[in-house]
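Dear colleague,

I am handing over a structure for you to look through, and below it I have written down what was found in it. Please keep the structure open beside the text as you read.

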Amino acid sequence: MSLIVFPLLLAVFIAIPVMIGVYVYKDAQSRRMNAVLWTLVAIFAPGLTGFIIYLLVRRDYPSLRCLSSAGGSARRPVTSHSGGWAKSRSRTE
């Protein structure tokens, strides 16, 4: 019995931090935060404290989503290096 239980528990204890890390990395990238730093904090902080801290801090950073495909008026960064914003243009303009 323990030959089956031990590998399953080990897989769960490895899978949960990996899933949290992937989520934090993708979410932090979309919010223009330091994705690598927050992923390391979320994975290596004891328990779920790093993940909880990330969830609390990320509220201050807007999620950047493109609404142009849905027909809405979206705002997008001009370049990845500039802090400016420009209204997105439709294909007919």
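**A buried charged group**

Arg31 counts as buried, because its relative accessibility is 14%, where buried means under 20% relative accessible area, exposed over 50% and partly exposed in between, with a 1.4 Å probe and protein chains only. This is a predicted model, in which local features need pLDDT of at least 70 and side-chain atom pairs count only at pLDDT 80 or more, while totals for chains, interfaces and linings use all residues. Residues are numbered from 1 along each chain as its sequence is written, and side-chain values use heavy atoms, with hydrogens and water left out.

Asp27 forms a salt bridge with Arg31, with the closest N and O atoms 3.1 Å apart; a salt bridge is a side-chain nitrogen of Lys or Arg within 4 Å of a carboxyl oxygen of Asp or Glu. Asp27 is itself buried, at a relative accessible area of 11%. Asp27 also meets Arg58 in a salt bridge, at 2.8 Å from N to O, and this pair links distant parts of the chain, since Asp27 is in helix α1 and Arg58 in the loop between α3 and β1, 31 residues apart. Helices (H or I, at least four residues) and strands (E, at least two) are DSSP runs, numbered from the N terminus. Through shared partners, the salt bridges join Asp27, Arg31 and Arg58 into one network. Arg58 counts as buried too, at 18% relative accessibility.

**The nonpolar core**

The largest nonpolar core has 9 residues, among them Ile20, Trp38 and Phe51; such a core is a set of buried Ala, Val, Leu, Ile, Met, Phe, Trp, Tyr and Cys residues joined through side-chain atoms within 4.5 Å. Two or more of its residues come from each of α1 (2-30), α2 (35-44) and α3 (49-57).

In α2, the buried residues are Ala35, Trp38, Thr39 and Ala42. Seen down the axis of α2, they fall within an arc of 105°, so they line one face of the helix, the arc being that of the directions from the helix axis to the C-beta atoms. These buried residues of α2 pack against α1 and α3.

The mean pLDDT of the protein is 78, and 67% of its residues reach 70 or more, pLDDT being the predictor's confidence in each residue, from 0 to 100. Among the elements, α2 has the highest mean pLDDT (95) and strand β2 (residues 85-87) the lowest (49). Where pLDDT is low, the predicted coordinates should not be read in detail.

With best wishes

Notes. Contact means heavy atoms within 4.5 Å.
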